[in-house]
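Please keep the sequence and the 3D view open while reading.

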Amino acid sequence: MSPNNPNNKITVITSHLNADFDAIASMLAAQKLYPGAVVVFPGSKEKTLRNFYIQSMVYLFNIVDINEIDFNKIKKMILVDTCRPSRIGKFAGILQQADLEIHTYDHHPFRLNDIQGIKNIREQTGATVTILTDIIRKQKIDISPDEATVMCLGIYEDTGSFTFPSTTEKDLQAAAFLVSKGAEINIISNLIAREISPEQLSVLNSMIQAATHYRINSFDIMITIVALDNYLPDFAFLVHKMMRMENLNVIFAIALMDNKIYIIGRSGIPEVDTGAILSNFGGGGHTFAAAASFKGATLAQTEQKLLSLLRQEIKSPHIATSLMSAPPITISARASCRDANEKLTRYNVNALLVTKKSMDQENLLGYITRQVIEKAIFHKLDQVPVGEYMTTEISRVEPDAGLSEIQAKIIDDKQRLLPVVKQNKIIGVITRTNLLETLIQHTRFPDNNRPDPYREPLNARTRMVHNFMKERINSHIYETLITLGRVATQSGFKIYLIGGFVRDLFLYRSNEDIDIVIEGDGIAFAKKYAKLTGARLHYHKKFGTAIIIADKGLKIDVASARLEYYKYPAALPTVEMSSLKLDLFRRDFTINTLAIQLNPNNFGFLFDFFGAQKDIKDKAIRVLHNLSFVEDPTRAYRAIRFEQRFGFFIGKLTAGLIKNAKKMDIFNKLQGRRLFTELRLILKEENPIPALLRLDDFHLLEVIHPAFKMNDQLVILLNSVKKVLAWHDLLFLNKSFLKWAVYFMILIQKFDKKESENLCSRLQMEATYKKIFIPARFSAERCLFWLQQNQQAKNSLLFNRLNNFEAEQIIYMMAITKSQEVKKNISFYYTRLSHITISITGKDIMKTGLKPGPAYRITLQAVLDAKLNGLIKNRADELAFMKDYVKGL
């Protein structure tokens with residue numbers, strides 16, 4: 001359709017000046033909803049279509065140059081990604097036309113003087129194209145992979161690849177839909193993670209050099225100003241880059257380009273609404289990202305107006321000095337846990353700041369809680385210095401810190417008390433009680449959408465993950481979970497899915513080991529479930545646990561919600577009935593404390609009491625309390641196993657607690673069987689070598705045996721095992737064997753028989769394992785010596801030497817030999833010779849008239865040897881050879 005055809009009224013799709021990827025994507029999406037409409041950029045499309053990829057996708061758009069448009073013929077205007085008259089260029093001049101039909105689609109908050117059409121669709125999403133994509137999906141409009149890619153690109157850019165605070169569930173759902181339509185994530189990734197050009201780098205350096213820090217009503221604000229000769233299309237990208245590099249909460253960048261002023265605002269806190277502030281410059285956006293452009297002002301004038309608006313718009317929150325208790329109650333790091341307990345009782349407080357005196361000033365080291373002190377005294381550690389068990393990861397605030405900063409550090413960081421520090425001097429402390437009293441007085445937060453963690457059930461971070469579960473869990477397990485919830489409700493119990501299954505659900509890892517906890521009698525529940533479904537059941541009355549073997553062999557571990565306490569360090573736990581929160585508190589690490597309710601009325605409700613989601617996102621392994629490794633030292637081995645399996649890191653405090661437990665010889669009190677179990681689990685990992693190196697870093701290998709030390713030679717041998725196991729996997733033999741045992745044999749390779757026996761006894765190994773690690777290993781080593789001396793041996797000799805060994809010994813020999821020829825011979829046996837058999841039997845020999853006896857075994861062996869050596873090939877050859885052999889006896 002020609003836009004200048006006098007007989008045609010036209011429909012125009014447009015957006016804001018200097019259109020970004022979201023605007024471009026939204027115009028393309030709108031084109032799918034309004035077939036026959038023309039896409040018109042309000043400014044210079046050359047600046048907008050600056051990217052090579054977008055240029056190559058121009059064929060998707062029905063684009064018409066704005067200079068070819070007869071504005072009098074515009075019957076309908078579709079406006080996307082903006083409703084601000086000041087941002088649509090020449091199109092602002094036709095807004096008052098009586099016969100103009102306007103439709104708007106926007107994700108920015110409503111502002112005064114926004115354009116209002118006969119159809120206005122506005123939602124608080126991370127990108128406008130998300131809104132349009134949802135309509136396309138519901139109307140079942142077909143889109144091509146190229147269209148899906150451009151639209152998905154808009155979502156990724158405007159949500160910062162789903163990291164911006166403005167990102168919503170709908171953005172993720174829209175992106176998922178577009179991927180299902182063929183959106184190319186690799187292309188999007190390359191465009192979003194674009195490299196910085198030399199010109200951009202120069203501008204970024206200028207921005208950093210020109211940056212000025214302002215403290216406005218308790219908030220840190222950064223303003224930077226640059227003047228450029230030409231328009232820089234990626235200026236907003238550089239502002240975002242600077243915000244990340246400098247770890248800023250709020251930044252405003254002012255630039256003079258082509259005699260025009262541009263302001264980009266970015267905010268990471270709801271108290272600073274960049275959209276509201278920049279609307280005063282004729283710009284637009286939302287709380288976390290906004291922009292404005294205009295003429296007729298200098299950089300200095302713009303900065304002064306911006307500062308004035310910031311002081312006017314940003315409301316002063318409560319400051320730390322008005323909330324804190326003073327003077328602070330502290331204790332020396334050298335003081336004993338008994339002293340700390342007396343001080344907690346004397347002042348009736350639940351936590352103490354731990355300090356170290358230096359030059360007449362108390363330096364803050366950390367804090368310690370009543371809970372930790374009581375556990376230490378219970379374990380008869382009352383004379384141990386407080387500094388050994390204090391929490392060292394402690395946040396602090398300045399006297400003028402605002403309520404949002406205080407709330408974030410106490411609640412998000414799970415910190416019981418928050419020291420207020422002025423010029424390195426502790427002047428007061430803010431407790432959870434102080435914060436709670438303030439929040440009760442002020443029921444509305446600056447951000448109305450922010451949940452109050454003190455009003456959530458049981459103080460847990462909660463959200464519904466029902467749809468996520470349905471997408472991620474296979475149908476058989478999903479139906480089983482529904483049935484579990486239904487049976488629990490019929491029995492009057494609350495039921496929760498917990499542990500590694502939930503953790504791995506959020507890590508997008510497969511896990512079919514189901515752990516559930518019952519608030520009530522877990523065994524009674526398990527019995528009822530087994531009776532109703534016909535499942536098999538085993539239970540342990542002492543611990544209130546049961547194992548259900550359900551349909552298709554699915555294993556379900558059932559536990560009664562319980563609280564564990566330890567009668568002495570490294571003991572097995574004593575169990576008492578408890579609630580869900582207390583049950584989860586006994587877990588080893590925060591990442592394992594997520595729980596999902598399965599009762600029908602709350603199916604899919606996620607509980608996060610201890611910040612597990614944050615630690616999963618941060619990839620951190622953290623314990624729940626400071627005496628965790630005293631109570632159960634094996635947790636240190638699990639921490640390292642999880643760290644290496646998931647690519648996480650052990651938190652600073654947790655690492656310090658492991659070292660402290662080692663220093664106090666806590667690990668030496670462990671039962672050998674428990675140590676062996678943890679080591680075996682580590683050796684079962686896909687690649688146990690990094691975990692072994694980490695164990696050595698923490699001096700935990702030597703706990704198992706003083707001779708266990710990681711060195712270059714040992715690492716080479718362990719890697720050799722890894723390579724041989726990979727070779728074995730590629731054979732697809734479907735042969736089950738103990739891979740971990742091969743790694744263990746490498747660890748004890750230098751041990752003689754007596755040392756090996758002592759270690760097996762120390763680790764309380766079963767007889768089956770002892771056989772592998774002592775007689776079978778030494779036999780393999782003797783065989784390997786023979787193989788090295790007889791590298792040209794006949795196949796029959798090779799077969800007879802190796803045929804009595806299991807896969808563990810075969811792989812062990814291949815891993816430790818330095819001879820490629822020997823390795824080749826073992827491989828030849830394992831892949832070829834071990835599969836050779838003969839078809840004749842004793843019955844065939846009997847037909848020759850030979851009397852039964854030892855000669856039968858000797859004859860059959862001779863036939864097999866001949867076949868191994870290639871002298872005979874089939875049954876006829878076997879019979880002929882056998883008859884000749886029998887004649888010679």
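The model is predicted.

## The parallel sheet

Five strands make up an open sheet, and their order across it is β2-β1-β3-β4-β5. The pairing in this sheet is parallel. Which strands stand at the edges? They are β2, covering residues 38-39, and β5, covering residues 119-122. Each of these has a single partner strand, so one side of each is left without a neighbour in the sheet. In general, the strands of a sheet are held in pairs by backbone hydrogen bonds, and the pairing can be parallel or antiparallel.

In β3, Ile13 stands opposite Ile78, and in β2 its bridge partner is Val39.

Strands β3 (residues 74-80) and β4 (residues 101-106) are joined in the parallel sense over five bridges.

Is β1 covered or open to the outside? It is mostly covered, with five of its five residues buried. Side chains in a regular strand alternate between the two faces of the sheet. In β1, Ile10, Val12 and Thr14 point one way, while Thr11 and Ile13 point the other way. All of these residues are buried.

Helix α4, residues 128-138, lies across β3, β4 and β5, at about 110 degrees to β4.

## The mixed sheet

Another open sheet has six strands in the order β6-β7-β8-β9-β11-β10. Its pairing is mixed. The edge strands are β6 (212-216) and β10 (284-285). Each has a single partner strand, and therefore one side of each is left without a neighbour in the sheet.

Inside the order, β8 (residues 250-257) pairs with β9 (residues 260-267) in the antiparallel sense, over eight bridges. One place to look is Val250, which stands opposite Ser267 in β9. Helix α8, residues 198-210, lies across β6, β7 and β8. The angle between α8 and β7 (219-228) is about 130 degrees.

## Cysteines

How many disulfides does the structure hold? The count is zero. Two cysteines can be described by their accessibility. Cys83 has a relative accessibility of 3% and counts as buried. Cys152 is buried too, with a relative accessible area of 0%.

## Aromatic rings

The model has 28 aromatic pairs. Two of them are set out in the table.

| Ring pair | Centre to centre | Angle between planes | Type |
|---|---|---|---|
| Tyr156 and Phe162 | 4.8 Å | 70 degrees | edge-to-face |
| Phe609 and Phe610 | 6.1 Å | 45 degrees | tilted |

Planes over 60 degrees apart count as edge-to-face, and Tyr156 and Phe162 have their planes at 70 degrees, so this pair is edge-to-face. Tyr156 counts as buried because its relative accessibility is 17%, under the 20% limit. Phe162, at 23%, counts as partly exposed.

Phe609 and Phe610 are both buried. They belong to a cluster linked by ring pairs, together with Tyr496, Phe585, Phe605 and Phe607.

Phe642 has charged side chains over its ring. The charged end of Arg503 sits over this ring, 4.9 Å from its centre. Arg641 lies over the face of Phe642 as well, at 5.2 Å from the ring centre.

## Phe649

Phe649 is found in strand β28, residues 649-650. At 37% relative accessibility, Phe649 counts as partly exposed. Which residues does Phe649 contact, leaving aside its neighbours within four places in sequence? They are Asp618, Lys619, Ala620, Ile621, Arg622 and Glu643. Asp618 and Phe649 are 31 residues apart in sequence, and their C-alpha atoms are 9.0 Å apart in space.

Conventions: Residues numbered from 1 in each chain as written. Predicted model: local features only at pLDDT ≥ 70, side-chain atom pairs only at ≥ 80, totals over all residues. Heavy atoms only, no water. Disulfide = S-S within 2.5 Å. Buried < 20%, exposed > 50% of the residue type's maximum accessible area, 1.4 Å probe, protein only. Phe/Tyr/Trp six-rings, centres within 6.5 Å; stacked < 30°, edge-to-face > 60°. Lys NZ or Arg CZ within 6 Å of the ring centre and 35° of its normal. Pairing = 2+ DSSP bridges. Helix = DSSP H or I, 4+ residues; strand = E, 2+ residues; numbered from the N terminus. Contact = heavy atoms within 4.5 Å. Axes fitted to C-alpha atoms, helices over the stretch in contact; angles between N-to-C directions.
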